Amino acid sequence: MNLTQIWKATLSALQTQTSRHDYEALLRPATLLSLDNGAAFIGVSSPGQKEGLENRLLMPLRNALARVVGYPVQVQVLIANLNSRTEPSPSLTLSNGSRLMSDPEPVVAETPAPALTPGNGTGERVVQLDLASAMRSGMLNPRYTFSSFIVGSSNRLAHAACLAVADNPGQAYNPLFLYGGVGLGKTHLLHAIGNRVLDRDPEINVLYVSSEKFTNDLINAIRRQQTEEFRMRYRNIDVLLIDDIQFIAGKDATQEEFFHTFNTLHSAAKHIVISSDRPPKAILTLEERLRSRFEWGLIVDVQPPDLETRTAILRAKAEQMSVHVPDEVIDFLAHKIQSNIRELEGSLNRVAAYAELNRAPITIETATAALADLLGNQRRRRISAEAILQIVSEHYGIEVEQLRARNRSRHVVVPRQVAMYLLREETESSLVDIGNLLGGRDHTTVMYGCEKIAEEINSDSRLRSEVMAIRERIQMLRG
Ligand SMILES: Nc1ncnc2c1ncn2[C@@H]1O[C@H](COP(=O)(O)OP(=O)(O)OP(=O)(O)O)[C@@H](O)[C@H]1O
């Protein structure tokens, strides 16, 4: 088992134990740099991330890692240049140095820090800077191709639209707007477009970028008075693949700049493919002129995979890992893990790692043992969805029925929005599920409620302590 597999298995365990925010902001962008004699080095890209991990997540991280590898582990967090992420050797092999990326969402440092090369006994190495700059120049993950993408009813339309764009950039469906929940393959499809476009014509200028990086680049350019260079860079591309556009909502300067980038590219028949976790009309605080532009071309959604697709994905991943996984185990995992494909992959990695470390065959028993906490958490989380409503209503001294009712007075609206926020943060419920739980409300109303509370707890200390108190009761109930 290599470092990437260990880290993936660790992340999949932690994903169910930490809040969505901590997972996305602190854990997912981190990487396991080395693991040697029970000492693990975790690489992060900023002091804030290091502090967050050390203050809040060190213990769960240590425990999860220890469970994956089967022995006690000491964890040290380092600030590293994560362009130089550790990868299993096949994907480190650059044939022409032109396209390589370490993970779906690279963290791009403006000034590369020296790559860290702590010793490790696993035969793995930390990628060096020349490779990092090669990654930066292209940003495409060579593993994310159309041929490694399993098509099922949940993603058929999105796949077909992306393929059409890759074969006719600048023509079909411009812009193409892909939306769907976490871990359902949007990033994979963006990269697949980029890879295919470049396979067909290496001269085409393709740029994959997350909207967060676009924002950071803009901020840096403004600070360094290099906005002209920024514009040159972003407006001279043939295919722009921009991920997670929802993050530009509410950021006025970024929206303004992106609006002009969009117009320049679109009017020159350059292609723009956008991904988001929700459709344009549900991105609150997105400027109307941008929203209408996003709706110019084709909007397609990616849905959670059905059982057949989950089974096919597991089979393909097991084959890629060269691990024999019996059909009944594949079936077991496909039934148990339904929410997203990243988690599905994580569970398979974890089962394979567990079996390897215990020198046991992969069976339903080993799979159950490997995923015990994950499956246990799922059970606990389901109980919590109903219980959360109860706890929230008790906290505010109102009836659960009032949360479900149409009443819009403030003493009910705030508790209802807090319930929406906590259901979203603390359970696996979708926006639609939450809307249904709360008297059949629309998912956009739920999203609005969640975002409002998420924003207000930053400035309203009373609300923050209310939410914290309720959260504590939820944790106590989980036991
Ligand atoms: N249809 C598929 N076939 C094979 N692998 C898939 C498929 N869909 C997703 N995956 C894999 O699942 C993982 C998560 O996918 P990806 O990162 O593209 O999700 P996403 O929708 O962009 O999620 P997020 O919104 O969290 O960024 C990736 O490793 C990807 O390769």
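Reader: Which residues does Val400 touch, not counting residues up to four places away in sequence?

Author: This is a predicted model, and in it Val400 touches Leu389, Gln390 and Ser393 under that condition. Val400 lies in helix α16, which covers residues 400-404.

Reader: Is Val400 buried or exposed?

Author: Buried means under 20% relative accessible area. Val400 has 15% relative accessibility, so Val400 counts as buried.

Reader: How far apart are Val400 and Ile388, in sequence and in space?

Author: In sequence, Val400 and Ile388 are 12 residues apart. In space, the C-alpha to C-alpha distance between Val400 and Ile388 is 9.9 Å.

Reader: How do I read the packing of two helices?

Author: Two packed helices are described by two values, the angle between their axes and the distance between those axes. Here, helix α7 (residues 211-223) packs with helix α8 (residues 227-235) at an angle of about 150°, and their axes are 8 Å apart. Angles over 145 degrees count as roughly antiparallel, and α7 is therefore roughly antiparallel to α8.

Reader: Which residues of α7 and α8 meet?

Author: From α7 come Lys213, Phe214, Asp217, Leu218, Ala221 and Ile222. They meet Thr227, Phe230, Arg233 and Tyr234 in α8. By type, the residues of this contact of α7 with α8 divide into six nonpolar, one polar and three charged.

Reader: Which residues does the "binding site" annotation cover?

Author: The UniProt record places the annotation "binding site" on Gly183, Gly185, Lys186 and Thr187. Two of the annotated residues can be followed further. Gly183 is found in the loop between β4 (176-180) and α6 (186-200), and Gly185 is in the loop between β4 and α6 as well.

Reader: Are Gly183 and Gly185 buried or exposed?

Author: The 20% cut-off applies again. Gly183 counts as buried because its relative accessibility is 11%. Gly185 is buried too, with a relative accessible area of 18%.

Reader: What does Gly183 touch, not counting residues up to four places away in sequence?

Author: Gly183 touches Asn340, Ile341 and Arg342.

Reader: How many disulfides does the whole structure have?

Author: A disulfide is a covalent bond between the sulfur atoms of two cysteines. A search of the whole structure finds zero disulfides.

Reader: Are Cys162 and Cys450 buried or exposed?

Author: Cys162 is buried, at a relative accessible area of 0%. Cys450 counts as buried as well, at 9% relative accessibility.

Definitions and conventions. Residues numbered from 1 in each chain as written. Predicted model: local features only at pLDDT ≥ 70, side-chain atom pairs only at ≥ 80, totals over all residues. Heavy atoms only, no water. UniProt positions renumbered as here; feature names shortened; annotations may be inferred. Helix = DSSP H or I, 4+ residues; strand = E, 2+ residues; numbered from the N terminus. Buried < 20%, exposed > 50% of the residue type's maximum accessible area, 1.4 Å probe, protein only. Contact = heavy atoms within 4.5 Å. Axes fitted to C-alpha atoms, helices over the stretch in contact; angles between N-to-C directions. Parallel < 35°, antiparallel > 145°, perpendicular 65-115°, else oblique. Nonpolar A, V, L, I, M, F, W, Y, C, P; charged D, E, K, R; others polar. Disulfide = S-S within 2.5 Å.
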